[in-house]
Amino acid sequence: MNTSPQAVAAKSVTVRETGARKEPFSIVILLSHLLFIAITLAMIVPFILVISISFTEETAIVEHGYQFIPSDFTAKAYRYIFEAPLVLFRAYGITILTTVIGTALSLLITAMLGYVTSRRDFRYRTPASFFIYFTMLFGGGLVPSYILIKQYLHLDNTIWALILPSLVSPFYIMVMKGFLSKMPFEIIESAKIDGARELRIFFTIVIPLSTPALATLGLFLSFGFWNSWFSALLYIDNEKLIPIQLLLVRMMQKLEFLTSNSDFINQFGVDTSKFPTLSARMAMAILAGGPMVCIFPFFQKYFVKGLTVGSLKG
Amino acid sequence: MIKSSKRSEWHYLKKNSELLLLLLPGALLILVFAYLPMFGVVLAFKDFHYDLGFWKSPWVGLQNFKFFFVSDTAALITRNTVGYGLTYMILTTVISLGLAILMNEMGKRWLRIHQTAMFIPYCLSWVVVSYLALALLDTQNGYLNKVLETLGLPTHMWYLETAPWPYILISAYLWKNVGFSTLVYFAGIMGINQEYYEAAKIDGASRWQTATRITLPMLSTLITVLLILSIGHIFVGDFGLHYFIPNDAGMTYPTTDIIDTYVYRALRVNGDIGMSTAIGLYQSIVGLVLVVTANFVVRKINDENSLF
């Protein structure tokens, strides 16, 4: 890097220039502003629709269909859900539990594997790396894991089925390894000279020094655990262990059955318009997705950082 | 060198024992959840019965494969998987690169709002998105049909038709993912040394020239790495998108079914272990070949950009 005074001066000049630079009115800039406004609207509008459906009186939906502005405003759907809140709260509980346990365990294991494979003086570094990264290229597919977890490990209908299979991700290990390889080796070496043992070095020096990487990965991991539905779809039948995402899947399927099967309705005399099923469904979607929409956009910077660090050779 | 390698391996094992201990829990998890299933692919050559178990089920040779590849579904779901995969990959790359370059040209003022809005869909699972899709596509109450009605156009029974699904799925994919990859490319552009742009400006380069001659070449490593990673995914379809957005509606299968959803149904609905393992193996092998080939090609062109 050229750090001569001239270069520094030149840089500060250019910074000032770009800061003060007022673009003359340009059609390209105007068009791109319009384009981005359109994109932003396209991203937001479906949410507004769903929110307003969740606040619409059922009879109004049946009469007018889904609307952006509720023609008959009511919070009945939410009241209906919170009248029997056990189902919802239990699902939240399972999701939070798997997210917390899963993220903590996964971070620990990712850090351990990333650290060991980043140590150039580790004798078994190459075979260990191959062992880890080969799983990125080839896998046995869905069915063998399904049979293993269900028939042999008997993890089905336990929360471990939601946690254990997704604890290790080679991609995150790669990110961690990339981060740790940039850490000066002298730190570890001097600790070793002082007589610290490897485990101690790892837990008291390496872990605290990798907080930035761990924070980014933790964000990704908790995001993944919160939004995961596939393991639940495969392994959870017990009503008490359903995470929030699976609850949504079930609800979609059940309501479809109720509302699409007119014989069923006629035969039992169930008047679907009496129950706020349509709006309750959307209210549930909001309650399930809401926390994510409220929390994660604040961390977008770190998401991007995590990916770029990992995808670049390091 | 020779002398040291003659020292017993035991010595080195002891010397590295604590690092090995750190490796152990993760290695065990990988062994169980990644390697054991790899050996499980022999089920593709067996007629699996739950009561007989993994070892005692009889061998059937290539019958499971034959059964699948003879059917029309093999060609159909392969075409769908690859077709959608390629389309997603190309469109996402082109659109998000374009948007990232435009973002760079625009002032910083409104950027944060746009970026946040574009990031929101990425935060949601396909399950939640399928509810948003339903709000638009529902036959009776859906907003899209109402719009078509007001415009005097014929309405559609979206979940019972095949023709509209390519457009719906591609829109849904882009809606959810373009924001995030735009942010990634934008971060890449931010990392480019500003002096290049200043120099280009002094030389009188136009916007188009700076974009094509500076930004794109400087991003080429990032672009190729992301492309190689996603080429491996061309053969691993997006299960959530293709299962939840069409609501697993049977009528839409010709245009929505991909290998992943097919295997899932073969397993969960039909319980056909042998055939679904066989299709899974076929998928894994083709995926492996695709990544290795892509990496090989990239390494031939430019060694710097390859993944391994």
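Reader: How many residues of chain A are in contact with how many residues of chain B?

Author: This is a predicted model, in which local features need pLDDT of at least 70, side-chain atom pairs count only at pLDDT 80 or more, and totals for chains, interfaces and linings use all residues. Residues are numbered from 1 along each chain as its sequence is written, chains are lettered from A in the order in which they are written, and side-chain values use heavy atoms, without hydrogens and water. With contact taken as heavy atoms within 4.5 Å, the count is 101 residues of chain A and 97 residues of chain B.

Reader: What area is buried between chain A and chain B?

Author: Buried area is the accessible area (1.4 Å probe) that two parts lose on being put together, summed over both. Carbon and sulfur atoms give 76% of it here, and the total is about 9100 Å².

Reader: Which three residues supply more of the area that chain A buries against chain B than any other three?

Author: Together they supply 8% of the area on the chain A side. They are A:Phe36, A:Met43 and A:Gln300.

Reader: Which residue of chain B forms a salt bridge with A:Arg123?

Author: A salt bridge is a side-chain nitrogen of Lys or Arg within 4 Å of a carboxyl oxygen of Asp or Glu. The rule finds two across the interface of chain A and chain B. For A:Arg123 the closest N and O atoms are 3.0 Å apart, and the partner is B:Glu9.

Reader: Which helix gives the largest share of the side of chain A that touches chain B?

Author: Helices are DSSP runs (H or I, at least four residues), numbered from the N terminus. The largest share is 16 residues, and it comes from helix α2 (residues 27-54) of chain A.

Reader: At what angle do the axes of helix α16 of chain A and helix α8 of chain B cross?

Author: Axes are lines fitted to C-alpha atoms over the stretch in contact, with angles from 0 to 180 degrees between N-to-C directions. Among the residues that meet are A:Met282 and A:Ala285 in α16(A), and B:Tyr131 and B:Leu134 in α8(B). The axes come within 9 Å and cross at roughly 145°.

Technical notes
Helices (H or I, at least four residues) and strands (E, at least two) are DSSP runs, numbered from the N terminus.
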